[in-house]
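This briefing covers one protein model for a reader who works from coordinates. Please have the sequence and the structure open while going through the points.

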Amino acid sequence: QSRLNLPDCHKLSVFHLNNGEEPEISVELNVFRAQWMSELKPNSGSNGGNRGLSSRAADLRRKQELAREEKARELFLKAVEEEENGAVYEAIKYYRRAMQIVPDIEFKINYSRSPDPDGGNDNDMDGEIEDLLAYFHQQLTLQDNSLKICVPEMEMTQMHISALPPEVLIYIFRWVVSSDLDLRALEQLSLVCRGFYICARDPEIWRSACLRVWGRSCTKLVPFNSWRDMFLERPRVRFDGVYISKTAYIRQGEESLDGFYRAWHQVEYYRYLRFFPDGQVMMLTTPEDPLVTVPRLRSRNTRVESIMCGHYRLSQDTDNQTKVFVVVSKRKEECLRPLNSRFCRRNPAAPETEHSFHVGLQLSSGGRQSFNKLNWIHHSCHINYRSTGETVVTAFDLDQMYASFFFARVKSYTAFSERPL
């Protein structure tokens, strides 16, 4: 009885194809026929024949899926092109058709490169991108072997920046980087044009930045390919913001007068660490919110009370872990007016003890940012008695009260340039 129904199914498929249905329906019917025929055969038959039919059915099903995905991909990319051209209504129609064929086609398309139906010269483009700096040099070099920084887009009556020699432009770039090592601004400046890209890749700029951070310990490039790679990949503290640690705990309060209840208080306070390229550091512990405290830490001459200043150094052990050692102490009282002023406040007697705090931190990266986390590894207080010269060291236990520092970039810290790099 099933064999008698086969012509009817064939007629039905032809009917649908003649009425404008997609050609994939015939492929589905062929797969259905193959499965149907394999089910009708007795089990006593050879297993090899059944495996052959099932493999052919699987191949047909795989080809069908690939054909559907390719058709949906073409429609989806056509919709993207129409949307970029401003034809939103046409784009919606192509999007709908593509998602009707493959619902998740959006996640199966590689957006890293644009489609090239003719094959294109992908290998040639890859070769140019690998050595982009040399390619830009070649494009901007004139016949007399002089480097042309850029070309004005329109005619100008005044002198254009392209008239400046590369040495002057690189010196301007050093002012952009400034003594605060704002290399982020330099990278943004390199996006202006090809000539700016070449000047922003000047090895001397990046070498000077590395010397400011690591000093004599960065005389060799190995294992890095360039000074820029060293600055971007070698662990270091960041200077264009502040490291913030938030600590919160619950403290039991005093009992009420009638003895019926006892209050509980939630205490929150922050620790701030601001590093400078010259090895100076500021540390502040305060309950004030970062929105209030962060702007006050922009200058190292801040008037914030209870702030501690000192120095830091980077250390990289054999375990390939970078550590930051900080020594800070309270600032000595200084005269706010010149010495010849009668309003100058003088300290009649020097303190008998000096307190300094030694902090050890481990530098790490988290998320998409680099070198944005500092974990506590040591904290101690050193008390030096002037009369006897004795130093008493008190080490603190690191518990949950010592939360990690996380970096927050502050744009105002690098908004102005006081000195060039």
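The points below go from the whole chain to single residues.

The model is predicted, not experimental. The protein has 421 residues, of which 31% count as buried. Its secondary structure consists of twelve helices and nine strands.

**Overall surface and contacts**

- The accessible surface of the protein is about 28900 Å². Carbon and sulfur atoms account for 51% of that surface.
- Contacts between residues at least 6 apart in sequence were sorted by separation, and 53% of them join residues at least 24 apart.

**The β7/β8 hairpin**

- Strand β7 covers residues 369-385, and strand β8 covers residues 391-395. The two strands pair in the antiparallel sense, with five bridges between them.
- Together β7 and β8 make a hairpin, and five residues lie between the strands. In the turn, G389 has a positive phi of about 75°.
- Which residue of β8 is the bridge partner of H382? The partner is V393.

**Aromatic rings**

- The count of aromatic pairs in the model is ten.
- One cluster is linked by ring pairs and contains Y243, F275, Y312 and F407.

**Charges over rings**

- R236 places its charged end over the ring of F231, at 4.1 Å from the ring centre.
- R274 does likewise with Y413: the charged end of R274 is over the ring, 4.0 Å from its centre.

**Cysteines**

- How many disulfides does a search of the whole structure find? The search finds zero.
- C210 has a relative accessible area of 0%, so this residue is buried.
- C381 has a relative accessibility of 8% and therefore also counts as buried, the limit being under 20%.

**T414**

- T414 is in the segment that follows β9, a strand running over 405-409.
- Is T414 buried or exposed? T414 is buried, because its relative accessible area of 18% falls under the 20% cut-off.
- Leaving aside residues up to four places away in sequence, T414 touches D180, D182 and D240.

Terms used: Residues numbered from 1 in each chain as written. Predicted model: local features only at pLDDT ≥ 70, side-chain atom pairs only at ≥ 80, totals over all residues. Heavy atoms only, no water. Phe/Tyr/Trp six-rings, centres within 6.5 Å; stacked < 30°, edge-to-face > 60°. Lys NZ or Arg CZ within 6 Å of the ring centre and 35° of its normal. Pairing = 2+ DSSP bridges. Helix = DSSP H or I, 4+ residues; strand = E, 2+ residues; numbered from the N terminus. Disulfide = S-S within 2.5 Å. Buried < 20%, exposed > 50% of the residue type's maximum accessible area, 1.4 Å probe, protein only. Contact = heavy atoms within 4.5 Å. Areas by Shrake-Rupley, 256 points an atom, 1.4 Å probe, with all protein chains shown as cover.
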